[in-house]
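Colleague: I have some labels to check before I use this structure. Can we go through them one at a time?

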Amino acid sequence: MDPQHLAIAHELNILDLPIGVYVVAPDGRFLACNRSVRAMFNLPLEGDIRASISQFYADSKARNELLRKATEAEARGAYLEKEIIPFRVGDRKLYLEDYCKPLRDPATRDIIGYVGCLVDVTAEQEAEKRESKLQKRVEELTFDIGRILHANTGTLLMAQQTLDGVAEALGQHTIKELIAAPLEERDEQLLKEAALLANAIDKLAQATDPERRRHALSEAKWDALTGKIAPLRQARDVVPGMEMRAPALRTTAHQITAICQDMSPGVLARELVREVMRAAAQLESSACLVDVLMTRTAIIQMDSTLRSLRDFITADVRTYEPKKRLSVKQLTDQAITQIAEFARSSRVDIVRRDRDFDTSVEGVERDLVRALSNLLHNAIKYSWRRDRAKAPWLTIRTYAREGMACVEFENWGVPIAQDEIEQGLIFQLGYRGKWSKDRGRLGTGIGLTDARRTAQTHYGNLRVASRPSNPGWVRPEDPNYYNQPFVTTVTFCIPEALKK
Amino acid sequence: MKKPSVLWIEDSARFELRNLVGQLFFGGKYDFNLAEDVTSAIDHLRAREYDAVIVDIRLPPGIDPDWRKLYQQTGFDRVHAQLGLKLLRWLLTKDNSIHPAEPPEWIKPHQIAVFTVESKGEIRQHLDELGITVFRQKSAGLRDTILLELIDEILMRAQADASVSAL
């Protein structure tokens, strides 16, 4: 060491160190300490200190234990280090990390004090405590949510089966037959029945002279009744959107029936009144059926979403499932079976290509089936009808390429915006695509996140592409660009298992 | 007599809440419009004056680039974006840090009701600041006449306010 540095070291006052430094008597009285320690304990920053470190211990018994540890460490030729001590300074709780060793009289070897350093770790301690509390809550929530979602799945099954019964009673066909008819056709039927009801009311009004009308019903109710003729005839324009038409027509038909029931008996032509009531009952029943079928589809969709959510949330707390050799064909079959009811109720056909292809992968069966089901669920949900004579369909292709086994889902319908793919937004948990709410298809923001995570934990990847089905028809700057149908392809790839 | 005009700004109206609008379309009592995002809501609000405007808090932005930007800044999430609240603040406080365009002049707090899944406690401070008093929380068990009740409440309050002003 050169003389200049030696002089600096010689003159160094340990109390000038940028860390809390102290010397205390065996009973804890401060013999010396620097400004950092004074600041920690709210002591005067200059001059004598008339205080003992013992008075600041949050637990008065803790000091003896600490001194014992310091002595033990000394006997091992070490010193006490990183011991976190809770102190209380006024109302404030303080966590200090202590590095300490006894000072001994060179002649008698008696302990004459303790020297040490203190580091304020209150913020870290509090953050750690918060984190541990949060972790505990997450664990509780993870456990509870599994049970809650399980219970809700049962409730949804009950609701779906009740709706099946109601639909069969209203439609006088099996649920399988009822869900086979496209909603667009049912909507057309509703519009026809609405027009028939309007005609029946019109006929009743035309055939009745004003005097008899007044005897049969108040003027306000006649106005209410005849006021429905025009909107019923123009229902397609009055209620924009097929989904809202069913409940709107159902309510109106019900109101018309109620008005007819209020009519004084024997005043008006019974056949004409009956005709109105018959037409109203038919419309109400058909509208209820449409409403029930739409709600049933929503429930089946929700059921699948809840299952997938439960699986996703409880993935870390489930019993470890080892990876095994699995057939891609069988995994795809299982995913299709799980989603079959949702596909049926959504009236989307699943078309399989490369039906004879198969290969093996190494993986966790439950996770892989869930990932494929999620992708299939999305493809069904976001499919549009493209042919009046045919139900909407999606295509599944399986193939192997460069050592990877791939399952590709292609659908025609709702777009995914390019920036959502490029920025990876679609893979963020809870992210719902800009167009995912299109036509009632509610995105949950879990499917793609989970599928990609599963692909990655199996050393694979997930690719997403979405392009207009007729490129060039609508330019990207056009506000209607995303209103046109897109072909969306999602490809799930994981390594093929080594051939035995 | 002119029918009261009503605008419902609600992105779930067409599907989940479709049963609430039935009576509005065929009742013939109101001149009813529906907007399913912020951009189309503003188009409606600029095109005419409404007697009652019912607003959801979690709304998508629609195609307007400034509202979309606001939405993007909150991670494309309707829950956190709370564009309905931002729309109300822009309309009622003319805060152009939310959107650079001038909002329509005619709209006042007494013409507005908030109908949302948030509890009142969660957004009370915002509603108080904006002077909005009519509020309903969406929850299971609501009657299918809830929308009509909200509209009537707005119209009655507007009538009461008009009577007080006339005195």
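Modeller: Start with pairing: two strands pair if DSSP finds at least two bridges between them. Helices (H or I, at least four residues) and strands (E, at least two) are DSSP runs, numbered from the N terminus. This is a predicted model, where local features need pLDDT of at least 70, side-chain atom pairs count only at pLDDT 80 or more, and totals for chains, interfaces and linings use all residues. Residues are numbered from 1 along each chain as its sequence is written, chains are lettered from A and ligands numbered from 1 in the order in which they are written, and side-chain values use heavy atoms, with hydrogens and water left out.

Colleague: What is the strand order of the open sheet of 5 strands in chain A?

Modeller: The order is S2-S1-S5-S4-S3, with antiparallel pairing. Strand S2 (30-33) and strand S3 (80-89) of chain A are the edges, since each pairs on one side only. From one strand to the next, the twist averages 30 degrees.

Colleague: How do you know that S1 and S5 of chain A pair?

Modeller: Count the bridges. Strand S1 (residues 20-24) and strand S5 (residues 111-120) of chain A share 5, in the antiparallel sense. The definition asks for at least two, so they pair. As an example, A:Gly20 has A:Leu118 in S5(A) as its bridge partner.

Colleague: What makes you say that helix H3 of chain A packs on the sheet?

Modeller: Helix H3 (residues 62-75) touches S1, S3, strand S4 (92-104) and S5 of chain A. Contact means heavy atoms within 4.5 Å. The direction of H3 makes about 165 degrees with that of S3(A). Axes are lines fitted to C-alpha atoms, for helices over the stretch in contact, and angles run from 0 to 180 degrees between N-to-C directions. Helix H4 (residues 122-171) of chain A also packs on the sheet, touching S3, S4 and S5, at about 125 degrees to S4(A).

Colleague: And chain B: which way does the pairing run in its open sheet of 5 strands?

Modeller: Parallel, in the order S2-S1-S3-S4-S5. The twist there averages 15 degrees from one strand to the next. Strand S4 (residues 112-116) and S5 of chain B pair over 4 bridges. B:Phe115 stands opposite B:Arg136 in S5(B).

Colleague: Why is B:Asp56 called buried?

Modeller: The relative accessible area of B:Asp56 is 3%. Buried means under 20%, exposed over 50%, partly exposed in between (1.4 Å probe, protein chains only). So B:Asp56 is buried. B:Asp56 is in the loop between strand S3 (52-55) and helix H3 (65-73) of chain B.

Colleague: What makes the link from B:Asp56 to B:Lys138 a polar contact?

Modeller: The side chains lie 3.2 Å apart. A polar contact is a pair of N or O atoms within 3.5 Å; within protein, one must be able to donate a hydrogen and the other to accept it, and residues adjacent in sequence count only if both atoms are side-chain atoms. The pair qualifies as a polar contact.

Colleague: Why is A:Val239 called buried?

Modeller: A:Val239 has a relative accessible area of 0%, so it is buried. A:Val239 lies in the loop between helix H10 (235-238) and helix H11 (242-262) of chain A. Beyond four places in sequence, the contacts of A:Val239 include B:Phe25 and B:Phe26.
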